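Here are my notes on this structure. Please read them with the model open beside you.

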Amino acid sequence: MADSRMRVLAVLCLVISCLSVTEAQLRANYYQQSCPRAESIIKQTIRNAYNSDKTIPAGLIRMFFHDCFVRGCDASVLLDNSDSEKLGAPNANSLRGFNVLDAAKAAVEAACPGVVSCADVIAYSARDAMELAGNIVVNNWLGGRRDGPVSISAETLTNLPAPFANFTTLLKVFRSKGLDQNDLVILSGAHTIGHAHCGIVLQRIYNFKGTNKADPAIDPSYVQTLRNLCPQTAPGNIINMDQLTPTVLDVNYFRDVNRGRGLFESDNALRTSPIANALVKIYQVPQVFSPSFVNSMRKMGNIGVLTGNQGKIRRVCNVA
Ligand code: HEM
Ligand SMILES: *[C@@H]1O[C@H](CO)[C@@H](O)[C@H](O)[C@H]1NC(C)=O
């Protein structure tokens with residue numbers, strides 16, 4: 001009797017857990033049936049763009065980060081309205097890659113109209129960007145995200161960390177997205193590619209917290225380099241974040257941070273936590289860095305995703 005009741009329970013539990021696994025979720029080769037060439041079409045578009053501009057991957061990887069941290073990976077970052085995320089301070093005159101993403105979306109729309117979401121176009125592009133800039137192969141990248149309808153500029157300020165943030169604040173923001181200290185450290189390694197506007201670091205290199213001096217945490221010889229690249233009167237100048245290999249997704253960021261050559265206070269903040277600081281040293285080993293970076297990018301790609309019949313597939317990525 002007790003035995004058969006147990007059996008009924010077991011079957012019930014099985015049914016319930018089966019229901020929850022058949023619930024829509026991300027999976028590899030998501031478009032294999034509905035648009036078999038989707039991933040290769042996107043990859044070819046990104047590769048073409050990369051061949052004429054080696055800095056494209058930086059824009060795309062940052063786009064993925066800024067999409068996923070604000071309302072989840074739902075392509076809200078691509079929407080246009082009078083008060084959209086694009087207009088938020090972290091994004092305005094700074095995010096790059098919109099044209100490449102539009103080209104990739106247009107190419108998959110031509111092959112399979114209304115099938116591939118803008119959120120997945122961003123995610124696949126970020127994967128391709130990692131492969132190109134990191135000279136690596138990333139298998140089993142998940143698809144199946146759907147596009148959200150809402151984009152609000154103010155949400156960029158509350159969901160994206162500022163370059164002036166200390167370690168506590170950085171970790172708080174990452175934890176609020178289901179990411180941990182390791183993800184914070186390894187994903188900050190994206191600052192081994194791409195560029196920044198001088199305006200963000202002028203105070204840090206000329207008048208840190210009203211001292212009329214540079215942030216004492218910066219290597220003095222690097223202060224000089226930065227001052228040469230960023231005269232006080234030129235906030236609009238653009239500087240590479242990695243002076244050595246600015247288009248290669250390598251471990252140079254961690255070598256730099258470890259020597260006081262991180263560009264932002266948020267980069268240097270990683271040295272102020274014992275665990276993060278230990279990770280900064282560990283990730284100077286390329287064989288450790290690459291798989292860990294990919295792993296945390298996968299985690300980032302799961303944040304707040306819409307799946308199944310949630311959201312929609314936008315035909316044009318900037319229109320809800
Ligand atoms: C941890 C907190 C982070 C802060 C405070 C931060 C802040 C910034 C800032 C201020 C810029 C310069 C933007 C400009 O001047 O145009 C930048 C650039 C960049 N960030 Fe971050 N970031 C963070 C984490 C990340 C993460 C997690 C990723 C991706 C995984 C990322 C990828 C990039 C890339 C690739 C660039 C270069 C963009 C380009 O060349 O257009 N960042 N970041
Ligand atoms: C970090 O920054 C936050 C926000 O500015 C501040 O409230 C907090 O006291 C700072 N923490 C430390 C340890 O400096």
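1. First, a term. A residue is near a molecule if one of its heavy atoms lies within 4 Å of it. By that rule, 26 residues surround ligand 1. The closest are S94, R96, H191, H195 and H197.

2. Some ground rules. This is a predicted model: local features need pLDDT of at least 70, side-chain atom pairs count only at pLDDT 80 or more, and totals for chains, interfaces and linings use all residues. Residues are numbered from 1 along each chain as its sequence is written, ligands are numbered from 1 in the order in which they are written, and side-chain values use heavy atoms, with hydrogens and water left out.

3. Look at the close atom pairs. A polar side-chain atom of R96 is 2.7 Å from an oxygen atom of ligand 1. H191 places a polar side-chain atom 2.9 Å from a nitrogen atom of ligand 1. With H195, a polar backbone atom lies 2.9 Å from an oxygen atom of ligand 1.

4. What is the make-up of the shell around ligand 1, by class? It has 17 nonpolar, seven polar and two charged residues. Here Ala, Val, Leu, Ile, Met, Phe, Trp, Tyr, Cys and Pro count as nonpolar, Asp, Glu, Lys and Arg as charged, and the others, Gly among them, as polar.

5. Now the record. UniProt, in an unreviewed entry, places the feature "binding site" at T192, D242, T245 and D250. These span 59 residues in sequence, yet no two of their C-alpha atoms are more than 9.8 Å apart, so they gather at one spot. Such annotations may be inferred rather than shown by experiment.

6. Is T192 buried or exposed? T192 is buried, with a relative accessible area of 0%. Buried means under 20%, exposed over 50%, and partly exposed in between (1.4 Å probe, protein chains only).

How values were computed: A polar contact is a pair of N or O atoms within 3.5 Å; within protein, one must be able to donate a hydrogen and the other to accept it, and residues adjacent in sequence count only if both atoms are side-chain atoms.
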